[in-house]
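Reader: I'm new to this one. Can you walk me through it?
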Amino acid sequence: MHESFLKNFTDIIFLEDEPQRADVIFIPGNGWPQMAQRAAELWKEGMAPWLLPSGRYSVIKGRFGGVTAEQERYPGPYATEWEFLRDVLVKEGIPESAILREDSATYTYENAIYSRKVTDQVGISVHRGIICCQSHHARRCRMYYQLLYPETEFLVVPSDTEVGRETWYRSERGIQLVLGEIERCGGQFHQILREKFL
């Protein structure tokens, strides 16, 4: 019986699509390099002409929380998530001319809000977008970006960081992260839905 519960939770949170050609690759802010590294691979494969890392720092911490993996390769210091993600992309061989800038967002919904402002300002029509995010963050990222780009097809190409689809329920941290995402997918949408529909 518990397998069906695990499958339901897993299917809700962990999304993954096959990459296809897109207009922009979005990288929501964080301190993990894996998502920007994956985005760089996709760019080199010709999947999109633009990369848009997004993020100032965590609204909870009030500062950039630091690099959480491969610190020796990315010693910083970095003032913002965008600055860190840009450095990852550049070290992966991406020209700075292909990297857009959004360094104001302090939480995921703002990543989507301010990314939309950036693409509008530079005149990019986003018919299809790729989101490179943490695997356990996939559902919420897609929901937020879809709200801001209602006519856009979004493909999620995630990276495992602390947990993955097959192992999340085997650690206290994994359970905390994934069930926390389920709570946030509901809890954070109360006000958004009221603003949109009431």
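Author: Phe5 sits in helix H1, residues 2–13. Helices here are DSSP runs of H or I, at least four residues, and strands are E runs of at least two, numbered from the N terminus. This is a predicted model: local features need pLDDT of at least 70, side-chain atom pairs count only at pLDDT 80 or more, and totals for chains, interfaces and linings use all residues. Residues are numbered from 1 along each chain as its sequence is written, and side-chain values use heavy atoms, with hydrogens and water left out.

Reader: Switching topic. How many salt bridges are there?

Author: Twelve. Each one has a side-chain nitrogen of Lys or Arg within 4 Å of a carboxyl oxygen of Asp or Glu.

Reader: Which residue does Arg140 pair with?

Author: Glu181, with the closest N and O atoms 2.8 Å apart. Glu181 lies in helix H6 (residues 172–187) and Arg140 in helix H5, so this pair ties together parts 41 residues apart in sequence. Both residues are buried.

Reader: How buried is Glu181?

Author: Its relative accessibility is 3%. Glu181 also meets Arg184 in a salt bridge (3.2 Å, N to O). Those two are three residues apart in helix H6, so about one helical turn separates them. Arg184 is partly exposed, at 31%.

Reader: What about Arg142 and Asp17?

Author: Their side chains form a salt bridge, 2.3 Å from N to O. Arg142 is in helix H5 (residues 138–148), Asp17 in the loop between H1 and strand E1 (24–28), 125 residues apart.

Conventions
Buried < 20%, exposed > 50% of the residue type's maximum accessible area, 1.4 Å probe, protein only.
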